[in-house]
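Hi,

Here is the structure I promised to pass on. Have a look at it first, and then read my notes below.

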Amino acid sequence: MKNSKFTHSFLAVVLGSVLIGGNALAAGTSSDSLSEGKTLKNTDQKIDDSINHTGGKTGNSLKKADGYFDDSVITARIKENFLEDIGINSDDNNISVKTENGVVYLSGFVKNEELTKRAIRLAHKADGVQSVNSTLKIKK
């Protein structure tokens, strides 16, 4: 165990030295200081561009994840409302809830028209709901 830790540490030191030495060698091969300055500026610019590009992608990914989380929370709250409602939470009803960008889609079957209206009202009660689209059908 100690031997493998030593080996990993030694390998890290060697690789770090090689990387630093390679950078120093690359910087030392330029013929004049003007060229070195341009190279450093170009490298700095490339690093900045890379950071900005990566930051933008990360921000977009977080926005997508945040939107997904919000939709999931809305769906969960609506299902919770349905579970608390005795009429909707019966074996005779089968309601599916899907949320996309705050728009709720209800589908499935209910016993009567009153339960359809109640399901739509309960869906509208959840925070974050922009609108509700229902294709609920009355079970015969």
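**What I found**

Thr-116 is a residue of helix H3. At 8% relative accessibility Thr-116 counts as buried, because buried means under 20% relative accessible area, while exposed is over 50% and partly exposed is in between (1.4 Å probe, protein chains only). Leaving out residues up to four places away in sequence, Thr-116 touches Val-110, Ser-134 and Leu-136; contact means heavy atoms within 4.5 Å.

Before I go on, some ground rules. This is a predicted model, in which local features need pLDDT of at least 70 and side-chain atom pairs count only at pLDDT 80 or more, whereas totals for chains, interfaces and linings use all residues. Residues are numbered from 1 along each chain as its sequence is written, and side-chain values use heavy atoms, with hydrogens and water left out.

**The overall layout**

The protein has three helices and three strands, and from the N terminus on they run α-α-β-β-α-β. Helices (H or I, at least four residues) and strands (E, at least two) are DSSP runs, numbered from the N terminus. Of the 140 residues, 20% are buried. Take the contacts between residues at least 6 apart in sequence: 59% of them join residues at least 24 apart. The protein exposes about 10,600 Å², with carbon and sulfur atoms supplying 57% of that; the areas come from the Shrake-Rupley method with a 1.4 Å probe, and for residues only the protein chains shown count as cover.

**The sheet**

In what order do the three strands sit in the sheet? The order is E1-E2-E3, in an open sheet with mixed pairing; two strands pair if DSSP finds at least two bridges between them. E1 and strand E3 (131-138) stand at the edges with a single partner strand each, so one side of each has no neighbour in the sheet. From one strand to the next, the twist averages 10 degrees.

E1 pairs with strand E2 (residues 103-110) in the antiparallel sense, over seven bridges. Two places to check are Thr-99, whose bridge partner in E2 is Val-104, and Lys-98, which stands opposite Tyr-105 in E2. E1 and E2 form a hairpin with two residues between them, and Asn-101 in the turn has a positive phi of about 55 degrees.

E2 and E3 run parallel and are joined by eight bridges. Gly-108, for instance, has Leu-136 in E3 as its bridge partner. To get from E2 to E3 the chain passes through H3, and this β-α-β crossover is right-handed: with the strands pointing away from the viewer, the path from the first strand over the helix to the second runs clockwise.

H3 lies across E1, E2 and E3, at about 160 degrees to E3. Axes here are lines fitted to C-alpha atoms, for helices over the stretch in contact, and angles run from 0 to 180 degrees between N-to-C directions.

**Two more residues**

Arg-121 is also in helix H3 (residues 113-125). At 46% relative accessibility, Arg-121 counts as partly exposed.

Asn-93 is in the loop between helix H2 (33-84) and strand E1 (94-100). Is Asn-93 buried or exposed? Asn-93 is buried, with a relative accessible area of 10%. A polar atom of the Asn-93 side chain lies 3.3 Å from the backbone oxygen of Ile-88, and one lies 2.9 Å from the backbone nitrogen of Lys-111.

Cheers

Notes
Polar contact = N/O pair within 3.5 Å; in protein donor to acceptor, adjacent residues only side chain to side chain.
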